Amino acid sequence: MQGYIVRRLFQGVVLLVIVTTIVFAVGRLTGNPVDLLLPEEASEEERQAMIEALGLDGPVLEQFVVFIKGAVQGDLGVSIRYRQPAVDVFFSRLPNTLLLMPAAMLLAVFMAIPLGILSALRRGRLTDKVSGTIAVLGIATPNFWLGILLIYIFSVQLGWLPSSRMGDWSHYVLPTITLGTFLVAGFMRLIRSSMLDVLDSEFVKLARIKGLSEMRVVWKHCLRNALIPVLTLWGVFMGGLVTGTIVTETVYAWPGVGRLTYEAVIFRDYPLLQAVVIMDAVLILAINLVVDILYAYVDPRIRFT
Amino acid sequence: MFIIGGMIFAAVFAPYLTPYSPIDQTLPDKLLPPFWEAKGSMKYILGTDIFGRDVLTRLLYGARVSLIVTGLSLLFGGGVGLLIGITSGYIGGRLDSLLMRLVDAAFTFPAILFALLLAVTMGQGLDTLVIAIGLLLWAGFARIIRGEVLALKQRDFVALAKVHGCSELRIMVTHILPNVMNTFMVLVTLNVGAVIVAEASLSFLGAGIPPPTPSWGLMVAEGRGKISSAWWLSLLPGIAITLVVLTFNLFGDWLRDRLDPKLRQL
Amino acid sequence: MNGDIALEVRDLHTHFFLRRGVVKAVDGVSFSLHRGEVLGLVGESGCGKSVTALSLLRLLPNEAARTVQGQVLLDGEDLLVKSKRQMRQIRGRKISMILQDPQTSLNPLFTIGNQLSEVISKIGAERGGGVMQQAIEVLRKVKLSAPEQRVRQYPHELSGGMKQRVVGAIAMNRGPRVLIADEPTTALDVTIQLQYLNLLKELQENTDMAILFITHDFGVVARMCDRVAVMYAGRIVETGPVREVFNNPSHPYTQALIASVPKLKRPEARLHTIEGQPPVLTDLPKGCRFEARCPHAEARCRAAYPDSFTVGAEHAANCWRLDPA
Ligand SMILES: Nc1ncnc2c1ncn2[C@@H]1O[C@H](COP(=O)(O)OP(=O)(O)OP(=O)(O)O)[C@@H](O)[C@H]1O
Ligand SMILES: [Mg+2]
C-alpha cells in the first residue's frame with residue numbers, strides 16, 4: 001500500500017515537472033517573455049531591469065534553472081494586475097473554489113449513483129430512457145451556456161435565486177448545478193454501463209445462488225464494482241471539473257481560482273496565468289492522489305500490484 | 001443528420017442566405033428582439049445585438065467559423081494522435097513507454113489551461129485556436145490508435161510483409177495505416193461535439209477567434225451582460241451549439257456502434 | 001411417487017424472446033435425480049445445458065428469457081410457482097450451483113472469508129466460535145491449504161483451482177439437497193481437474209446430496225456419474241446408467257459423441273467428428289432434431305419427433321429406429 005502511494009506520488013511529481021517545463025517552454029517559444037511579463041506601457045529601462053533581474057540575458061538552460069528554483073520555493077512571479085506574488089493571489093482565491101468543487105462532486109455522487117443503478121436495473125424502461133436522455137443532453141450542453149440559461153430562468157424570470165457572487169446557501173445552487181451537470185451525466189452513463197456488465201457477471205450469479213437478498217446483491221456486490229470505472233476515469237473528469245470551474249466561476253462572478261484564470265487571460269496577466277496553470281496542476285495531482293488512495297481502498301487488486 | 005446537413009449548408013452558403021453583414025454595425029437597429037416578441041419584426045428574424053447586427057446572420061457565419069476551426073483542429077490534433085499512436089504502437093519499447101507517459105500526462109492535465117496560456121502568449125487567432133484544440137485531442141487519439149496497432153501487429157499479414165522484406169516505414173504506411181482508418185474516422189466523429197464545445201468555451205473565455213468575427217461562443221459571451229433585457233443574444237447561439245453538439249454526438253455513437261462496437265467502453 | 005427422488009423436472013421449456021425470433025434454448029426437458037445420485041448432463045456447446053440449470057434455480061440471464069412451461073419439483077414442491085422471497089430461502093439451502101469459471105465466480109473486491117460468511121448462519125457461527133473460525137472450518141472441508149490465511153486473502157491471490165474449491169465450499173456449505181455443477185472443471189488444467197473431481201465425489205458420498213453434473217466430456221462422466229442424460233438442441237435424447245449407455249449407446253447422436261472420445265488404448269483409431277451443424281433454435285424442425293446430421297435418417301424421422309423407447313433397465317432413447325413396432 002505504501003509502495004503504491006509512493007509510486008503515485010512520484011508519478012505526480014514527474015507530471016508536475018513536465019507541466020512546468022511545458023509552461024516554461026511555451027513562454028519562451030511563442031513570445032518574448034519580457035513583453036509577456038511587463039505591462040504594455042513599461043519603459044525601456046524597466047525592460048532592461050527585468051531582463052537582468054530574470055537572468056534572461058543568459059542561455060536558455062540557465063533561465064530554466066532560475067525558473068525552476070523559483071518555482072520550488074513557491075515563487076512564480078508577480079501578477080501584473082494585482083502587483084502581488086502570483087502564488088499569493090492564487091491562494092487567496094483557492095478557498096472559494098474549494099467550496100464549489102466539492103458541492104458539484106457531491107451533487108454528482110448523489111444524483112449519478114442512484115440514477116445510474118436504477119437505469120441499469122430497469123434497462124429499457126421509462127426510468128432508463130428519461131435518465132438516458134438527460135445524460136445525453138447534459139453532455140451536449142456547454143456549461144457556460146447552461147449557466148446563463150439557469151440565470152435567465154431562475155434569476156431573471158422567476159427571481160428565485162441570485163445570479164452572481166458569493167453569499168448564503170442560495171448563491172451555491174446555480175453554480176453547483178452548472179458545474180455538476182456534466183459530472184452527473186458522465187458518471188451516470190458510466191455507472192449504468194458498468195453496472196450492466198457487473199449484473200451480467202458470474203460473481204453476481206453466485207451471490208444470487210447463495211440466496212442473498214436483492215438489496216444485498218446490488219449494494220454489496222454490484223455497486224462497488226460498478227464504481228471502479230468511475231475511479232479509473234477520474235483523471236479525465238477531474239480535468240473537466242477544473243475547466244468547468246473556469247467557465248462556471250466566470251458566469252457567476254464567483255471569486256475563485258477559475259474566475260482568476262479568466263481574469264488573467266483577458267488582462268493578459270501572463271505571470272498570473274502561468275502561476276495558476278502550475279498551481280492547478282498541483283491541485284489536480286493532490287486530488288487525484290486522494291482518489292488513487294480511495295481506489296486502492298475499494299479495489300484490493302490495486303493495493304498489491 | 002438533418003441538423004448536420006443544415007449546419008454545413010449554412011456554413012458554406014452563409015453569404016447568400018442573408019442580406020446582412022455579420023460585422024457591419026447598424027446602430028439605429030440595435031437590440032431588436034426576434035420576430036415573435038412584441039417589438040420584433042420579420043426584418044431581423046432572430047433580432048439584433050448591441051451593435052444592430054442581425055443575430056441570424058451572425059449565427060450562420062458563426063457556423064462557418066465553428067466548422068473551420070473544428071475541421072482544422074480535428075485534422076491537426078487527430079493527425080498528430082494518429083502519427084504518435086502508430087509509431088508508438090508499432091515501434092514499441094522505450095519510445096512507446098515514453099510517449100504513453102506523455103499521453104497519461106495529457107489526460108491528467110486539462111488542455112484548456114494550455115490553450116488559454118497559448119492564447120496569451122501567441123495572441124488570439126485561428127492558428128492559436130487550432131493548436132490549442134489539437135492539444136486537447138491528440139492524446140485520446142494516440143492511446144486508442146496505439147491499442148489498435150498493437151493488435152494489428154500480431155496479425156499474419158504484418159508478419160508476412162516483414163518476411164517479404166518490406167521496410168518498417170512501408171509496413172506502417174501500407175499495412176497498418178489503412179487498417180486503423182476506420183477507428184480514426186469513428187474517433188473523429190465522436191470528437192466533433194467535444195471540439196465544438198471546446199471552441200465555444202475558449203471563445204467565451206476570450207481566447208478564441210478575436211471579435212468582430214462571429215463565433216457562437218463569443219456571441220454567448222457578448223450577450224451575457226444583457227441577459228435580463230435581451231435574452232436572445234446569448235440564449236440563441238447556445239441553443240445552436242447544444243443542438244449541433246447533440247446531433248454530432250448521437251451520430252458518433254451510432255457510427256461507433258456500426259463500425260467498431262469494441263470502442264463501446266469509451 | 002418414489003420417495004427417493006430429490007429433483008424431478010417435467011417438460012421444461014425456457015425460451016429467449018428476442019427481436020429476431022424466439023430462441024427455444026430448452027424445449028421439453030424432463031429428467032429425475034435420485035437422492036445421493038450423480039446425473040451427468042452432456043451435449044455439445046449451445047444445446048441448452050446451462051440454460052436448463054439456470055432455469056431450475058430461476059436465475060435466467062435476462063428479461064428476454066422466460067420459462068414458459070414445465071415443473072421443477074424439489075422434494076415434491078414446484079419451484080416455478082414459488083415467490084421470489086421463497087426462492088431466496090430455497091437457493092443455497094436446498095438447491096445450489098457451482099459455476100463454470102472459478103476466475104470470475106468470486107467478487108474481486110471482498111475477502112474469501114467475507115464471501116464465505118454470507119453462507120454461514122448466525123447459529124452456526126455462534127456454535128463454531130465466530131464467523132471467521134467457521135469459515136476456516138468450511139475451507140478445511142474442501143481441503144484448501146492454510147485456510148487461516150486464505151480467509152483474509154482476496155480472490156486474485158488464489159490460483160484457479162483454489163478459487164474453484166472456495167466456490168464449491170460456498171455452494172455446498174448449507175448442505176443443499178441438490179447441487180448443480182455446470183462444467184466446474186473446464187477452466188482448470190488436467191491434474192487440478194482430477195483432484196477437484198475426486199474431492200467433489202468424496203464430499204458427495206458423505207451426504208445424500210444429489211448432483212446434476214453438466215459437462216461435455218464423456219471421460220468425466222465415466223468417472224463421476226451414476227447415470228447420464230444426453231442433450232441435443234434443447235431436448236434430452238437418451239438417458240440411462242453410465243455403463244449401459246457406454247456399452248449400448250442407442251441414439252445416433254450418443255453413438256457419435258462416444259465415437260468422438262479419444263480412446264487411450266487405441267490411439268491409432270481415427271477420431272470421429274459429427275458432420276454438420278445443430279439446428280437453429282429459432283426454427284426447429286417438426287421431426288427429429290438430429291435428422292439432418294443422422295446417418296440413419298428416414299422419412300418418419302422428418303415427419304414426427306420420436307417417442308421415448310426403452311432400451312434396457314432404466315435406459316431409454318428417443319429414436320424411431322428403436323420402435324419395436
Ligand atoms: N443470454 C442469452 N441470450 C440469448 N440467447 C441465449 C442466451 N444464453 C443462451 N442463449 C441461447 O441458448 C442456447 C443454449 O445456451 P446454453 O448456454 O445453455 O448452452 P450450453 O449447452 O450450456 O453450452 P456450453 O457447453 O457452451 O456451455 C444457446 O444456443 C443460445 O442460443
Ligand atoms: Mg454452458
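Visitor: In which hand, left-handed or right-handed, does helix 2 of chain B pass helix 7 of chain B?

Guide: A crossing is left-handed if the near helix is turned anticlockwise from the far one by less than a right angle, and right-handed if clockwise. Here helix 2 of chain B passes helix 7 of chain B in a right-handed crossing. This is a predicted model, in which local features need pLDDT of at least 70, side-chain atom pairs count only at pLDDT 80 or more, and totals for chains, interfaces and linings use all residues. Residues are numbered from 1 along each chain as its sequence is written, chains are lettered from A and ligands numbered from 1 in the order in which they are written, and side-chain values use heavy atoms, leaving out hydrogens and water.

Visitor: At what angle do helix 2 and helix 7 of chain B pack?

Guide: Two packed helices are described by the angle between their axes and the distance between the axes. Helix 2 (residues 55–91) and helix 7 (residues 168–204) of chain B pack at about 140 degrees, with axes 7 Å apart. Helices (H or I, at least four residues) and strands (E, at least two) are DSSP runs, numbered from the N terminus; axes are lines fitted to C-alpha atoms, for helices over the stretch in contact, and angles run from 0 to 180 degrees between N-to-C directions.

Visitor: What is the strand order of the open sheet in chain C?

Guide: Strands of a sheet pair through backbone hydrogen bonds, either parallel or antiparallel. The 4 strands of this open sheet in chain C have the order 2-1-4-5, with antiparallel pairing (at least two DSSP bridges between two strands). Strand 2 (21–34) and strand 5 (77–78) of chain C are the edge strands, each pairing on one side only. Strand 1 (residues 5–18) and strand 4 (residues 65–74) of chain C pair over 8 bridges in the antiparallel sense, and Leu7(C) stands opposite Leu74(C) in strand 4 of chain C.

Visitor: How many residues of chain C are in contact with chain A?

Guide: With contact meaning heavy atoms within 4.5 Å, 30 residues of chain C touch 26 residues of chain A.
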